[in-house]
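Please look over the sequence and the model before reading on.

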Amino acid sequence: MEYLSLNLLIFSPLIIAILFFLPIFNTKEVFIRRFTKTFMGVHFVYALCFWIFYNPDVNFFDELFLFGQSGVQSLGIRSAFAIDGLSLVMVTLTSFLFFMSAISSKTIIRHRQKLYYGLLLLLETSVLGVFTSSDIFIFFCFWELELIPMYFLISLWGSGRAQKSAMKFLLYTFFGSLFLLLGILLLSYYSDTLNFQMSSLFADINVVDKLPINIQILISILLMIGFFVKLPIIPLHTWLPNAHCDAPAPISILLAGLLLKMGAYGFIRFNILLLPDAFKILAPFLIVFAVINIIHAGLCAYNQDDIKKIIAYSSISNMGIVLLGLCTNNEEGVTGGIVHMVSHGLICAGLFMIVGIIYNRTKTRDIKAISGLGTVMPNLMGFTVMFSFAAIGVPLLIGFVGEFLTFWGAFSVQYDSYIFLPTVIIFAIFVLVISAAYMFKFVHRIFFGSIDNSWAILKDLTAHEFIVLSSILSVIVFFGINPMSLIDVINPIVEVIVESAGI
Amino acid sequence: MNSAEILTSVIFYLCSAVIILSALLTILSKRIMYSLIFAIIVFFAVGFIFMLLNAEYNAIIQFAVYGVAIPILIAFALMFTSYKTDKSIYLAFSARLILTLISAILFVLTLFNILLISSSVVDWLFTSQSSLILNKYEMFNSISNGLYIKSFFALELIAFLVFVIIVGFSSLTLFKGKRNG
Amino acid sequence: MEIFIQNIGLTVLFPLWCSVLIFLGNFLSILKSKKIILSLTLLSTTFGLITSLFTFFNAMVTENFVLENTFKFLSVNNFILELGTYIDLTSSFMLLIIFTVTLAVQIYSYSYMYNDASFSRFFALMNFFTFSMSALVLSPNLFQIYICWELVGVSSYLLISFWFHKNAASNAGKKAFVMNRIGDMCLLAGIILSSIIIYNYSGQTDFADIPFSSIDKIAAYLFTYTSEPIFIIICVLLILGSIAKSAQFPLHTWLPDAMEGPTPVSALIHSATMVAAGVFLIARLFPIYYQSSFVMNFIVIIGIISALIGAFCAITCRDIKRILAYSTSSQLGIMFIALGSGALTASMLYLATHAFIKSMLFLCAGLIMSLYLGKTDIDNFGGLKKHMSLIAYIFLIGAFSLSGILFSGFASKSLVFHHLFETHSYYIILSLLVISFMTAFYIFRMYFLVFEGNSHTSDNKKYSHVMVVPILFLCVITLLLGFFLPKMSTLKYELIPVTTELVAILLAYLFYVKFVNMLPKLPILYNLSYNKLYIDNFYDFITQKLYLGICKTANFIDDYIFDGTVFVTVFLTKLNAWLNSKFQTGSVQSYISYSFAILALVLTGFCLVYSLVAYFAEV
Amino acid sequence: MANLVFNITLFHYLILALILFTIGLLGVILSKNIIKALISAEFLISAVNINFVAFAFFVDSAKLTGFIFSIFTIAIGAVELAIAFAIFYLLFKEKKTVNINDYKELKG
C-alpha cells in the first residue's frame, strides 16, 4: 500500500492534459486519441491496485504540501489527500467511467480532438481531487475546477442549444457553490483554521461537537443547498435535463455517472460526518424530499419525448433513492444508498451510451420519430433490454441490491417524533412500477414494433461501442451476483455514518 | 448697538442684496452679455463682503482675478461665438426644471435647518462681528508671511500648475482638428 | 440416487449455463446448428427430471423429508440474506411437474419453431425460464422467492414479446411485465414489512429472510406480535404478489394478451408452470395465512371472482388460444378456492392435473394453428375430425378431464368437492358448481366448433409426427394420473358436480352441433362477456388517460414552476437593465440635476430622522 | 430679534453663501448656453470663498488659514475657467452651436 502514491493517481491526468494543451504534436489526432485511451486504461488498472491492496483499518493518507512543508499556517491551507472505503469506490468508478467515455468518444467526437481530450483529462483530475481531498479548502477548489472543462465540453461539442444549456448548467452550479462556500467559510470560522481537516473524519472523531446546535443547522442547510444542486433534488434540478440532452454522449456518461455522485459524496462527508447533530434533526425532512424527488422525477420521465431527457429524469429519480438510503439511520439503508450510488453510476453510463449511439445514427432524439430499430440493430437491442432491466432493479443485477437495501432500511426507519414518516416512505415503493413504465415505454417505442424504411440502412454496434457496453454490463452483472465484494469495502464508512448520525 | 454695528450691518445687507439680485439676473437674463455684466457686479460685491470681513488681501485678489481677468476671458469667448441671442432658461427641459427647483428649495431648507441645529451645539455661530475687530496692519503682514513662509510650498505648486495649464490649453486651441464636422 | 439429491443445485444451474452458452454461441455465431441446441436443452431438462423424480420418491418415502443448503448472498453486519436450495414434499412435487411439462414442450417446440429466424434465442430464453422457475420452486426463503419471482416475470416478458417486430406482441409483453411488476411491488412490500418485524422486534435476527424451514415459528410470531390490521395488510400484500402471477381477478387481463407469444410458451409458461407459482407461494406461506380467517375468506373470494370472470369471458371468446387462457385463469381461481377453504393437498393435486391437461390442450391448439398458418380465429376451423382424428380424440380426453367428468380431472375435482362438502361451506360449493358448468360448456363448445360440423377447408395438410409425441406423452399422464391420486370422496359428493357437467355438455352439443345458429344472443350478457366485462378498456383508460394525465401535470409542474423561477429571475435582470438604460440621456445637466435631487433627498431624510430622534429623546 | 438684524454674525454670511451657491447651481443645471453655465459655475466658487473667509474671520482669526486658502481657491477658479473655455472652444469648432443640449455624445 505504501508504494502506491495517491498524488500520482490524481495529478497524472493533469500533467498529460497540460502536455496536450501545449502546441506540440497537434497534427496527429489519431495518436492523441490512442494515447488517451491507453493512458486511461493504465490509470484504471492503477486505481484497481488501490482496490486490491486496500485494507480497511489503515486509511491511505498522502500529504502534498502546496505551500512548503509547514503549509501556510496562518491561512492553514495544506493540501492532503486520503482514501477510505467510500472514496476508494468512487475513485475506481471515476477512472472506469473515464476509460469508457474515452473509448466511446471515437465515433462521436470528430472535430478538435486535441482540445477535447485535454479537457477530458482535466475533468478527470478535478473529479478525482473531489473524491480524495481531505482538506475542505482543497475539496472546494476541485469542486469548482470541475466546472470549467465541463462547460466547454458541453458547449463546444454539444448538439442542439448546447451553449444555452451549458450556461444554465454553469450558473446553476455556481448558485449552488455560492452557498457551499458560505457554509465552508462559516465552518472554518468556527473551527478557527481554514484547513479544517476533513481527514479528522477519516479518523472518525468528529471535531465539530463544540459547535452550538443552531449554527450547526445553519451551516448544514447552506451546505445542503450547495450539494442538492449537484445531487439534483426537486427544486434545484432543472439544469440536469437540459445539460444532458445537449451534451455529447461520452460527456453525459460522465455527467450522470460522476458529477451527481460528487453531490452525494459531499453530502456524506460534510452533512452526515462533520455535522451529525444537525443531520439528526434534518433527516426526516430530507426523507420527505427524497420521496417527492423519486416519484416526481419518475412521473416526469414517462412524459418526455426526448430520449435523453427520459434517462436524465430517471437518474434524478435514482438519486432520490440514494438520498432516501442515506437519510435512514440504520446500516442497511446507508449501505443501500451507497451501493445504489455506484449502481446508478454504471447503469446511467450504459443508458446514456446507448442513447448516444441511437442519436449518432438516427440524428434525432425524438421518441416518436424512431421505431422498430430492433430488427436492424439486434445487439444494441439486447444491451438496451439488459440495461433497462438493471435500471428497473431486476435481481441478479446491481440495481436490485441498492434498491432492496434502501427500501429495507427506509421501511424500518424509526424517527419517533415523526409518525407521518412511514406513510411517506410507503410511496417510495411505487418507484418499481413507475420506473418499469417509463423504461419500457423507452425500449418498446424505439426497438420493438415494425421498422419504417427510413431507418432500414442503419448499422449495428461497432467494435468500440461493443467493448464499452459489454464491459459496463459485465461489471453490473459481477456486482449483481456477488454484492459482498462491494459491501465489504463500504462497511467501515457505513459504521462511522450510522454511529455518528444514528439516533 | 453703537453706530459701527449699524454701519457694518447696513453695508452687509446692501452687499448681499446686490449679490443675490444680480446673481438671479445673470441666470435669468436672455442676452449673454447682460448675464456677463451682472456676473461682474456679483464678483465685485463679493469683494466688498471680503472687505467687510477685514480680508482686504482677499478682496484685492478677488477684484483682480474675478473682477477683471475672468470677464476679459469670457468676453474673448463671447467674441469667438456668434452670440446669437439664445433663449433663456425658461425653455429648459420642463421636468428637469421642476425637479431642480424642488430640490433647490429642499436643499436650502435643510441647510438652514442644519445651521439652526448646529447653533445649539456650537457657541461661536452668533457672536457678533463688531466685537471681533482685528488690527489691520497685523492682519496684512501676517497674511503675507503666512502666504510666503508657512504655505510657500503650496504657493509654488499652484503657480507652476497655473502656468502649465494656461500654456497647454492655449496651445490646444491652435491645434487644427483632424476632421471637421 | 443420493448423488442426484445432494447436488440438486446443479439441476437449477444447468439450464442457466445452457442458456448463457446458447446466447453467446448465437452471438459469436459458433453454435449455429439447431440439433446441438436442442440436445443441450433436452440434456439439462432430462437431468432435472431424473433428479426431481428421485427427490419426489425420496420425499414420499421418508416422513417430512427436508434438505437445505444455502450460501450467504448479502450481509450487512448481522442482517444476512441467503440463497440456495430447500427440498421438501411440495417443492419436489412442483419440480416434478415443471420438468415433465418442460420436457414435453421443448420436444414439441423443436419442430414448432424449427423454421423460425431466432430459433436459438427462443431456446436460450426457454432454458433461462426453466432455471428461474426451478430456482423459485427450490428457494429456501422468501427473499430468494422474490428474486426468482422477478426473473420468471422477466423471462415471460421476453418470451411473450418474442416476435418483437409485431406491435401486438410487444405491447402484450409490456402489459404482462408491468402487471407482474405491480404484483412484485406488493410482494416486495410484504416481504420487507414481515422481515423487518421479525428482524427488529423478534430478536431472532437470523430469520431476517423468513426461511421456510422455520415457517411455523415465524407465522406464530407474526400473528401474535403484530396488531390485527398490520397482519392483514402483510398477508394481503403477499397474496397480491401471487394474484398478479397467477392472473387472478384484479390483475388477470395480461394472461389473454400473453397468447401473442409462440404456443409452446403459452403451453409451458401460461398454463402449467409460471401461473402455478402463485398457488405455490400461497401453499408455502399457508401457515401464516391459516391463522386469520379474514385472509382465508379473502383468498376464496378472489378465487371465486376470477374463476367466474374467466369462465364467463371464455364462453363467447372467438380465439381458441384465448379460450384456453381464460380457462387457465378460471381453473387457477378454483385452486385459490381450494386453498382458501383449507384444502392444501387437494389444491396442489388439482394444480398438477390442470398443468398436464392444459399444456396438452395448448399443444393441440398449437398443432391446429400450425396447419392454418397461425390463424387462431375459431371461424375458419371446423370439422377437423376427419383430417386429424387422433388430435380430436386427444382433445376430447382433455376436454372431459378438464371439465372434471373422467380421468385425472375428475379425481382432483372430486377431492376438492369432498373437502368442501366436509367443511359444509355450501355457498362455495354452489359457486364451484356454476364454474364447472361453465367450464364444461366452453370447453365442449370449443371442441364442437373446431372438430365437429362441416369442414371449411378440404386440403388435408399433414402435420409432422414429431409434434404429436409430446401430446401423446401428456395424454397418457392425464389418463393415468387419476389412479394415483388418493380416493377419498364418497359417491354422493361426486354425483352432483358430474351431473351439472353432463347437462352443460348436452347444452353445448345442442347449440353448436344440432341447431347450429339457434343460439340466442342474450342482449346484455353476450356483449358484456364478448368484450371481457370492459375490464380491459378500464385498465387501458387508467394507463393511457389517468397515468398520462398525472405525468403531464408532473411535467407541467416541472417545466413551469421549477423552470419558471429560473425564467422569472432572468426576466427580472433583463427588465432592470432596460430601466437603467432609460436614464442614460447623455445630457450633462440632467445628470447634475439627478445627483442634486438625490443629495437634497438625503439631507431632508437626515434632518427628519435627526429631529425625530431629538424629539423622542427629549420626551 | 432686533439684535439679530443689526448685529451681523457668522450665521448671516453662511446664509448669504448658501443662497449664492444655490443660484449658481440652478444656473449650471438650467442654462441653455454653455457660457452661462460656466459663469454660474464661478458663482459656486465665490460662495465657497465667502464661507472660507467668514469662518476664518469668526472662528480662528489668529491662524488665518481660511484667508490663505480662499486665495488659493480664487487662483484655482481662474485656472479652471481657462480650461473650460479651451475645451469649449474645441467643441465649438466642431458643432458651431452654443446650445448645451447638442453636446450629447458622451452617453452610456
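Which residue stands opposite L74(C) in β2(C)? L81(C) is the residue of β2(C) that stands opposite L74(C). The structure is a predicted model, in which local features need pLDDT of at least 70 and side-chain atom pairs count only at pLDDT 80 or more, while totals for chains, interfaces and linings use all residues. Residues are numbered from 1 along each chain as its sequence is written, and chains are lettered from A and ligands numbered from 1 in the order in which they are written.

The two strands of that pair, β1 (residues 67-76) and β2 (residues 79-87) of chain C, run antiparallel and are joined by nine bridges; strands pair if DSSP finds at least two bridges between them. Strands (E, at least two residues) and helices (H or I, at least four) are DSSP runs, numbered from the N terminus. Two residues lie between the strands in this hairpin, where N77(C) takes a positive phi near 30°.

Two packed helices are described by the angle between their axes and the distance between the axes. Axes are lines fitted to C-alpha atoms, for helices over the stretch in contact, and angles run from 0 to 180 degrees between N-to-C directions. In chain C, helix α9 (residues 228-245) packs against helix α12 (residues 274-284) at an angle of about 160°, with the axes 7 Å apart, which means that α9(C) is roughly antiparallel to α12(C); angles under 35 degrees count as roughly parallel, over 145 as roughly antiparallel, 65 to 115 as roughly perpendicular and the rest as oblique. Among the residues that make the contact are I239(C) and I243(C) of α9(C), and L281(C) and I282(C) of α12(C), where contact asks for C-beta atoms, placed from the backbone, within 7 Å.

In chain A, helix α13 (residues 307-327) and helix α16 (residues 398-411) pack at an angle of about 45°, with their axes 9 Å apart, and therefore α13(A) is oblique to α16(A). The contact is made by I321(A), L324(A) and G325(A) of α13(A), together with E403(A), T406(A), G409(A) and A410(A) of α16(A).

Chain A as a whole has 20 helices and two strands. Of its 503 residues, 60% are buried, a residue being buried if 20 or more other C-beta atoms lie within 10 Å of its own, exposed if 12 or fewer, and partly exposed in between, with C-beta atoms placed from the backbone. Among contacts in chain A with a separation of 6 or more, 83% join residues 24 or more positions apart.

Terms used: Contact = placed C-beta atoms within 7 Å.
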